[in-house]
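Hi everyone, thanks for coming. Have a look at the model on the screen, and then I'll walk you through two parts of it.

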Amino acid sequence: FHQAYGYEEFVEGIRPAMGKGHMNYAIQDGAFLTLCQRAAQNPAQRYAMLIDEINRANVSRVFGELLSLIEPDKRAGMPNAMQVNLAYSGRAFSVPANVDIYATMNTQDHSLAPLDMALRRRFRFIDCPPQPELLATIHIDTATPDHLQTKDSKVPSSSSVLTDEKTSSIDLSALLTSLNRRISQTLGQDAVLGHAFLFNVQTLEQLQSVLVEQIIPQIAQAAGGQVGVLQYVFDDEGHPQHSQFIQDVQASVDSSG
């Protein structure tokens, strides 16, 4: 779904169609109506509609009169079965009992309105938290070139870094778990990071890039640019400025002045 997605694409609507050398307008079935027609013809088979980012659209507008019909007990053949006349064609319609609707929704994007309560009670909700156990451990050769030994290649001190004589290891699972614990304490559970950020990270350079270009900007936006919150998340409090992962440039200028 997206902001411009509507009833016409999902159920039915009037759309232009090319005829013999001219354009005309006809009522065309939308994605959900097409699926329901297939399901009604094959009741022994289950059919599913998968909707990504369901709360990006005006859900009540997209579903229209189907909002009541998707309830399990109001499906065709059920005890409280209902049918309606569709808005454009006027056809009698009911949702088959062998149609399932699966949807994902973004709870972190606060620019989106909360899901309509009328629709929320028609779904069962499953939380999908980050899975840090899926992440790898990076093994770094301590004999790496000098440019990797500078302060620019630091990783957050909240990470689990195991060092021996030849290699140091960065446990990405421990890193994400630690970051998310501090994020949830300061910014709330909806602001925690998903494991997808670090899923393909295999080297120190890749970790640096993900931190600088993706993770830090996202946390900074969630924190409203508050450097103190960022420093807490990355466990910089109490550390000398030269060893801090997040540095308050303005505070440094003020103190030097």
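So, is Phe 10 buried or exposed? Phe 10 is buried, with a relative accessible area of 1%; buried means under 20%, exposed over 50%, and partly exposed in between, using a 1.4 Å probe and protein chains only.

Quick housekeeping. This is a predicted model, so local features need pLDDT of at least 70 and side-chain atom pairs count only at pLDDT 80 or more, while totals for chains, interfaces and linings use all residues. Residues are numbered from 1 along each chain as its sequence is written, and side-chain values use heavy atoms, leaving out hydrogens and water.

Now the rings. Searching the whole structure turns up six aromatic pairs. Rings of Phe, Tyr and Trp (its six-membered ring) pair if their centres lie within 6.5 Å; planes under 30 degrees apart are stacked, over 60 edge-to-face, and the rest tilted. Phe 1 and Tyr 5 are stacked, at 4.9 Å centre to centre and 25° between the planes. Tyr 5 also pairs with Phe 10: those centres are 6.5 Å apart and the planes sit at 70°, so we call it edge-to-face. Phe 1 is buried at 18% relative accessibility, and Tyr 5 is buried at 17%. Together with Phe 32 and Phe 63, Phe 1, Tyr 5 and Phe 10 make one aromatic cluster.

Last stop: Arg 182. Its charged end sits over the ring of Tyr 232, 4.6 Å from the centre. That label needs NZ of Lys or CZ of Arg within 6 Å of the ring centre and within 35 degrees of the ring normal.
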